[in-house]
Amino acid sequence: MKAIVCKDWGPPDSLELQDLPDLVPQAGEVVVEVRAAGVNFPDVLTVQGKYQYRPELPFTPGNEFAGTVRAVGEGVDHFKAGDKVIGFARSGAFAEQVRAPADVLMPMPPDMDFDIAAAITLTYGTSHHAVVDRAQLKAGETMLVLGAAGGVGLAAIEIGKALGARVIAAASSAEKLEVCRAHGADVLIDYAKEDLREALKAATGGKGPDVIYDPVGGPYTEPALRSIAWRGRHLVIGFAAGEIPKLPWNLMLLKGASVVGVFWGEFARREPKANVAAMRQMLGWMAEGKLKPLVSQRYALAETAQALNDMADRKVTGKVVIVP
């Protein structure tokens, strides 16, 4: 099989496409023929050794995937060869085959495309855990989404609307904001041209957003937090801008606000039943047309480095996938 291999920590351009032996499942495992693998910002950090989880070198990056079961290991009786599945693993998805524990796999809905199936696990899982579980967003509240045109941002917009909230989308161009509008955003803010605090004041009548969904960090975090409503919740998703903000703690005191960490991967590992329940709710919302994952670009396996570079440079909207 062909697989992308990270031999040393470094930029995406240092990754190699190699021929490796076909995978064999161990007890409790399944080998899946990968039909699509989702690309996420953590993949960019992982190959550089900058993410919370550091696989042992050498390794194949990639976390979320969809495909067909190739083989099952001893003790696996709920999947068989040929079954279409959705999965999430700590590594290994950027390859023609991936080996994963059977308990991280879900049957694919029969009418779902592989591209869409590969785009929902981490992206929508992160946003559901953040918005529904950690923020407890309620109908009638207002949520600000920073970096709103990215994969997790669009997922947050849709989940917010499914819950009955008012959603403000902030992004860096008019083109990106039009994508946000198409996915349900009520208010659009171009923070490359507008003063974020003034725009939020106007959009909320001076009250501020009840929830801030922040996968960006950098220069946008503090002005957003300064605008937060009383008892607001600021969700720390990630730092796509590259800078981890240093916040003055008195801001939280003055607003009675909370800064809430979101680490979906650890949540899924520690609370698997809650994660499965969340995925079932989202699959139901998808069937109702409330969630519409956007796969904006597809890359061949040999183009994995380009896909990661485009993700790092924030050149993509929605989700991109690797198609082996």
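Me: At what angle do helix H3 and helix H4 pack, and how far apart are their axes?
Reply: Helix H3 (residues 121-134) and helix H4 (residues 151-162) pack at an angle of about 50°, with axes 8 Å apart. This is a predicted model, where local features need pLDDT of at least 70 and side-chain atom pairs count only at pLDDT 80 or more, while totals for chains, interfaces and linings use all residues. Residues are numbered from 1 along each chain as its sequence is written, and side-chain values use heavy atoms, leaving out hydrogens and water.

Me: What counts as a helix or an axis here?
Reply: Helices (H or I, at least four residues) and strands (E, at least two) are DSSP runs, numbered from the N terminus. Axes are lines fitted to C-alpha atoms, for helices over the stretch in contact, and angles run from 0 to 180 degrees between N-to-C directions.

Me: Which residues of H3 and H4 meet?
Reply: Among them are Thr123, Tyr124 and His128 in H3, and Gly151, Val152 and Ile159 in H4; contact means heavy atoms within 4.5 Å.

Me: New topic: where is arginine 233, and is it buried or exposed?
Reply: Arginine 233 is in strand E12 (residues 233-236). Arginine 233 counts as buried because its relative accessibility is 12% (buried is under 20% relative accessible area, exposed over 50%, partly exposed in between, with a 1.4 Å probe and protein chains only).

Me: What does its side chain reach at 3.0 Å?
Reply: The side chain of arginine 233 reaches the backbone oxygen of alanine 135 at that distance, 3.0 Å. The backbone oxygen of glutamine 136 is 3.5 Å from a polar atom of the arginine 233 side chain.

Me: What is the phi of glutamine 136?
Reply: Glutamine 136 has a positive phi of about 55°, although it is not a glycine. Glutamine 136 sits in the loop between H3 and strand E8 (142-145) and is partly exposed, at 44% relative accessible area.

Me: And which residues does a cis peptide bond join?
Reply: Leucine 57 and proline 58, with omega about -15°. Proline 58 lies in the loop between helix H1 (41-47) and strand E4 (64-72).

Definitions and conventions: A polar contact is a pair of N or O atoms within 3.5 Å; within protein, one must be able to donate a hydrogen and the other to accept it, and residues adjacent in sequence count only if both atoms are side-chain atoms.
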